[in-house]
Amino acid sequence: MTEPTSSPPPVGRASSGQPQRATAPANTAEHPWPVRSVAIKVAQWIDRLGSIWVEGQITQMNLRPGTRTAFLVLRDPSADMSLSVTCDPALIRSSPIPLQEGSRVVVYGKLSFFTGRGTLSLRITEIRPVGVGELLARIERLKALLAAEGLFDPRLKRPIPFLPGTIGVITGRASAAEHDVLTVARNRWPAVRFQVRNTAVQGPTAVPQIMEALAELDRHPEVDVIVLARGGGSVEDLLPFSDEALCRAIVAARTPVVSAIGHEPDNPLSDLVADLRAATPTDAAKRLVPDAAVELATVRELRARSAAALRGWVDRETRALTQLRSRPVLADPLRELDHRRDEVERWRTAARRCAEQLIRTETTATRHLRDKLTAVGPAATLARGYAVVQRVTGPERHVVRSIDDAQPGSQLRIRVADGAVNAAALGVTPLGARTTVAPSSKPGATTGDETSGPG
């Protein structure tokens with residue numbers, strides 16, 4: 001790959017003090033830059049950065065007696081990146097807090113590129129150890145930031161399986177935390193399986209190794225839950241478990257994560273973002289797997305209680321059936337039917353008697369009404385000798401109520417009890433006058449006021 005064809009920066013000054021820019025040919029395969037030119041250009045570009053403040057963790061420190069330069073390696077605690085640092089040995093010896101490998105520091109210096117070896121180094125002139133108070137303040141600021149983002153929200157917590165088949169454990173090699181988790185869990189549930197990943201649990205390499213192990217166990221198809229286990233320690237020792245990158249990796253994991261860091265008073269940020277916080281590694285093992293002996297005792301107790309409850313239920317039902325069988329309705333099932341049959345027969349007889357009585361009463365009343373109707377009817381009057389005289393005028397008949405209705409010569413119809421007599425009016429006689437009969441009247445004819453009366 002060829003370098004860009006831009007002109008190189010100024011490499012020197014003229015005797016007059018004015019900067020001069022060398023005229024260089026274009027950078028091509030035919031006109032390549034020599035190594036010295038490239039090294040000088042890099043050194044000049046880096047020199048333009050000036051002095052800067054850098055924060056990191058000391059991973060190596062070479063302070064040889066009699067030398068005028070101390071060599072350190074400053075590492076980023078959240079990434080696998082480091083930087084070489086040089087300084088005056090007196091700067092390290094005069095530090096108010098003894099510096100050692102693993103100390104967090106803030107340094108002030110200027111980057112330098114050594115053209116002879118082609119290496120980059122940070123030459124520092126001031127070094128400030130990061131004290132516990134500053135570390136705690138930074139943790140509190142990070143805690144507020146993560147809380148504002150909702151990473152501590154209980155709704156994000158994934159449920160821990162009741163009986164995980166395989167437990168992933170991230171802990172230090174041959175550590176007491178690993179022994180506690182494995183021993184207690186196997187004593188409680190011998191069938192439990194483990195996938196153990198040993199990593200650094202303090203120092204500058206802890207966070208990258210823990211994150212790598214967490215990602216590996218999260219991808220493992222058989223791991224049901226992951227435990228971060230570490231024993232107690234100082235704030236500096238537990239600092240990797242409050243790292244922002246690790247906290248975000250715990251939240252992003254698909255497998256439930258249990259944080260068992262330190263002792264009960266210790267509270268790194270991993271406890272807040274994890275799905276379950278355990279006070280100690282031993283407590284984590286107790287909360288992840290049930291105690292087989294306790295569970296078997298509980299099962300035996302539940303079986304005994306179930307059997308007792310079932311026997312009690314059977315006894316109650318048996319007594320209930322015995323009581324039911326002793327009742328008269330079941331001892332003699334036809335008894336009620338016979339009783340009801342006799343009762344129905346009595347009611348049928350009573351109903352028939354009532355119906356007959358009602359019929360007789362109504363028959364008598366009907367007969368009396370008929371007799372009354374007959375007594376007041378016209379037939380009874382005719383039977384006593386009275387007659388009904390009607391004047392016949394064409395097809396119509398008019399009852400004769402006055403002598404004016406039957407003028408002499410009128411055709412009459414006289415109705416008696418056993419029939420009717422046709423006659424003609426020979427004359428009329430007012431009331432109180434003597435009745436006379438003409439000699440030429442026909443037999444059966446009557447005169448004026450004999451139109452009604454007993455025969």
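Modeller: Let me begin with the elements: helices (H or I, at least four residues) and strands (E, at least two) are DSSP runs, numbered from the N terminus. Thr166 has its place in such a run, strand β8 (residues 166-171), and the protein has 12 helices and 16 strands. The model is predicted, so local features need pLDDT of at least 70 and side-chain atom pairs count only at pLDDT 80 or more, while totals for chains, interfaces and linings use all residues. Residues are numbered from 1 along each chain as its sequence is written, and side-chain values use heavy atoms, with hydrogens and water left out.

Colleague: Why does Thr166 count as buried?

Modeller: Buried means under 20% relative accessible area, exposed over 50%, and partly exposed in between, with a 1.4 Å probe and protein chains only. Thr166 has 1% relative accessibility and therefore counts as buried. Buried residues make up 29% of the 455 residues in the protein.

Colleague: What makes the pairing of Thr166 with Arg193 a polar contact?

Modeller: A polar contact is a pair of N or O atoms within 3.5 Å; within protein, one must be able to donate a hydrogen and the other to accept it, and residues adjacent in sequence count only if both atoms are side-chain atoms. The side chains of Thr166 and Arg193 are joined by such a contact at 3.3 Å. Contact in general means heavy atoms within 4.5 Å, and, leaving aside neighbours within four places in sequence, the residues in contact with Thr166 include Arg193, Phe194 and Glu222.

Colleague: Which side of the cut-off does Arg104 fall on, buried or exposed?

Modeller: Arg104, whose place is in strand β6 (residues 104-114), has 17% relative accessibility and so counts as buried. The side chain of Arg104 also has a polar contact of 3.0 Å with the side chain of Glu55.

Colleague: And why is Ser326 called exposed?

Modeller: Ser326 lies in helix α9 (residues 292-326), and because its relative accessible area is 53%, Ser326 is exposed. Ala174, in the loop between β8 and α4, counts as exposed because its relative accessibility is 73%.

Colleague: What makes α4 roughly parallel to α8?

Modeller: Axes are lines fitted to C-alpha atoms, for helices over the stretch in contact, and angles run from 0 to 180 degrees between N-to-C directions. Angles under 35 degrees count as roughly parallel, over 145 as roughly antiparallel, 65 to 115 as roughly perpendicular and the rest as oblique. Helix α4 (residues 176-188) and helix α8 (residues 281-288) pack at an angle of about 30°, with their axes 8 Å apart, and that angle makes α4 roughly parallel to α8. The contact involves residues including Ala177, Asp180 and Val181 of α4 and Pro281 and Thr282 of α8.

Colleague: How do you know that α5 is roughly parallel to α6?

Modeller: Helix α5 (residues 206-219) and helix α6 (residues 244-252) pack at an angle of about 10°, with their axes 10 Å apart, so α5 is roughly parallel to α6. Ile210, Met211 and Leu214 of α5 meet Ala245, Leu246, Ala249 and Ile250 of α6 in this contact. Its residues divide into seven nonpolar, no polar and no charged, where Ala, Val, Leu, Ile, Met, Phe, Trp, Tyr, Cys and Pro count as nonpolar, Asp, Glu, Lys and Arg as charged, and the others, Gly among them, as polar.
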